[in-house]
Amino acid sequence: MGTYNPGRSPIEVVLEDGALSVFGQTLIPLGRHAFVSEVNPDARFIFEMEGEKATALRLESEGTSQRAPHVEGTDRPPE
């Protein structure tokens, strides 16, 4: 959870009702740190980790990949 900045509009990852959500779309887990959008199964969200901390979010869709580094100080505890 927190904010990731791909260089233009920030991306907020939130925890809603026990599930991660991005752009208002629920993410379905594929593996340990990889998720797919419930709305668009071609869109993958992969968290790059250092230990237990996400350092970036990589978005993959239709053959393109975009990396969004984590914005420090934006982590939010689960509600």
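Q: How many residues does the hairpin that joins β5 to β6 have between the strands?
A: This is a predicted model, so what follows describes a prediction. In it, 6 residues link β5 to β6 in a hairpin.

Q: What holds the strands of a sheet together, and in which directions can they run?
A: Strands in a sheet pair through backbone hydrogen bonds, and the pairing is either parallel or antiparallel. Here the pairing is antiparallel, in an open sheet of 8 strands. The order is β1-β2-β3-β4-β5-β6-β7-β8.

Q: Which strands are the edge strands?
A: An edge strand pairs on one side only; here these are β1, residues 2-4, and β8, residues 64-69. From one strand to the next, the twist averages 30 degrees.

Q: How is β1 paired with β2, and which residue is the partner of T3?
A: Strand β2 takes in residues 11-16 and is antiparallel to β1, with 3 bridges between them. T3 has E12 of β2 as its bridge partner. The hairpin of these two strands has 6 residues between them, and G7 there takes a positive phi near 110 degrees.

Q: Which residue takes a positive phi in the hairpin of β2 and β3?
A: That residue is D17, with a phi near 50 degrees, in a hairpin with 2 residues between the strands. Strand β3, residues 19-22, runs antiparallel to β2 and is joined to it by 4 bridges. Among the partners across this pair are V13 and, in β3, V22.

Q: How many bridges pair β6 with β7, and how many residues lie between these strands?
A: The antiparallel pairing of β6 and β7 extends over 7 bridges. The hairpin they form has 2 residues between the strands, and G51 in the turn has a positive phi of about 65 degrees.

Q: What is the volume of the largest pocket, and which residues are closest to its centre?
A: The volume of the largest pocket is about 250 Å³. It is lined by 13 residues, and H33, F47, M49, E52 and A54 are the closest to its centre. Strands β6, residues 44-50, and β7, residues 53-61, each supply at least two residues of the lining.

Q: How many residues of each class are in the lining of the largest pocket?
A: The lining of the largest pocket has 7 nonpolar residues, 4 charged ones and 2 polar ones.

Q: Where is E60, and why does it count as partly exposed?
A: E60 is in strand β7. E60 counts as partly exposed because its relative accessibility is 26%.

Q: Which residues does E60 touch, not counting those up to four places away in sequence?
A: With those left out, E60 touches D42, A43, R44, I46 and S65.

Q: How many residues apart along the chain are E60 and E72, and what separates their C-alpha atoms?
A: E60 and E72 are 12 residues apart along the chain, and 23 Å separates their C-alpha atoms.

Notes: Residues numbered from 1 in each chain as written. Predicted model: local features only at pLDDT ≥ 70, side-chain atom pairs only at ≥ 80, totals over all residues. Heavy atoms only, no water. Pairing = 2+ DSSP bridges. Axes fitted to C-alpha atoms, helices over the stretch in contact; angles between N-to-C directions. 1 Å grid on protein atoms, 1.4 Å probe; cavity = no way out; pocket = protein on both sides within 12 Å on 5 of 7 lines; lining within 4 Å. Points joined across faces, edges and corners; volume = space filled by probe spheres on them. Nonpolar A, V, L, I, M, F, W, Y, C, P; charged D, E, K, R; others polar. Buried < 20%, exposed > 50% of the residue type's maximum accessible area, 1.4 Å probe, protein only. Contact = heavy atoms within 4.5 Å.
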